[in-house]
Amino acid sequence: MIRSTFTAAALAFAAALTSAPSQAEIIKAECKLSKYGDSPLTEIFPCEFRQSAGNAQIWSKNWNFEFLAVDQGKTYVRINSNPLSFHRLGKYSLFVFQNGMPAQEFER
């Protein structure tokens, strides 16, 4: 009886671990924002980056961005390269440097 109770408890615990939603890791990165239009701007700043299920969030001291997977190709274009980039056509491009590549050495 004790063995079957222990087995049931172990299976329930394993099921709880595998069914719980995973937390996305927050990565410290460097971002480069290029704004277009009447007042063009290029700014390089430290940022934090998280992605989960195709959704991406980027935030810093002065900026917050959220790119939902359901909007990809509709309100923005995402390019999965190094650096990762998000483009809202006619408005801005945001480049996320996750692996220590300095943004100031990158031109696009």
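Start by selecting Val77, Ile79 and Leu89, which make a nonpolar surface patch of about 280 Å². Patches here consist of residues with over 30% relative accessible area and no salt bridge, with nonpolar side chains joined within 5 Å and like charges within 9 Å; a salt bridge is a Lys or Arg side-chain nitrogen within 4 Å of an Asp or Glu carboxyl oxygen. Areas come from the Shrake-Rupley method with a 1.4 Å probe.

This is a predicted model, in which local features need pLDDT of at least 70 and side-chain atom pairs count only at pLDDT 80 or more, while totals for chains, interfaces and linings use all residues. Residues are numbered from 1 along each chain as its sequence is written, and side-chain values use heavy atoms, leaving out hydrogens and water.

Stay on Leu89, in the loop between S6 and S7. Strands are DSSP runs of E, at least two residues long, numbered from the N terminus. Leu89 has a relative accessible area of 71%, so it is exposed (exposed is over 50%, buried under 20%, partly exposed in between).

Next, select His87 in strand S6. With 12% relative accessibility, His87 counts as buried. Its contacts (heavy atoms within 4.5 Å) include two residues of the patch, Val77 and Ile79. Setting aside residues up to four places away in sequence, His87 also touches Tyr76, Tyr92, Ser93 and Phe95. The His87 side chain makes a polar contact of 2.9 Å with the side chain of Ser85; such a contact is a pair of N or O atoms within 3.5 Å, and within protein one must be able to donate a hydrogen and the other to accept it, with residues adjacent in sequence counting only if both atoms are side-chain atoms.

Move to Pro83, in the loop between strand S5 (77–79) and S6. The peptide bond from Asn82 to Pro83 is cis, with omega near 10°. Then go to Ala53, in the loop between S2 and S3. Ala53 has a positive phi, near 55°, and is exposed at 74% relative accessible area. Most residues other than glycine have a negative phi, and most peptide bonds are trans.

Gln51 is in strand S2 (residues 41–52). Gln51 is partly exposed, at 38% relative accessibility. Its side chain joins that of Arg78 through a polar contact of 2.4 Å. The C-alpha atoms of Gln51 and Glu25 are 7.6 Å apart, although 26 residues separate them along the chain.

Finish at Ile58. Leaving aside neighbours within four places in sequence, Ile58 is in contact with residues including Cys31, Cys47, Trp63, Phe67, Phe86, Leu94 and Val96.

Key
Helix = DSSP H or I, 4+ residues; strand = E, 2+ residues; numbered from the N terminus. Buried < 20%, exposed > 50% of the residue type's maximum accessible area, 1.4 Å probe, protein only.
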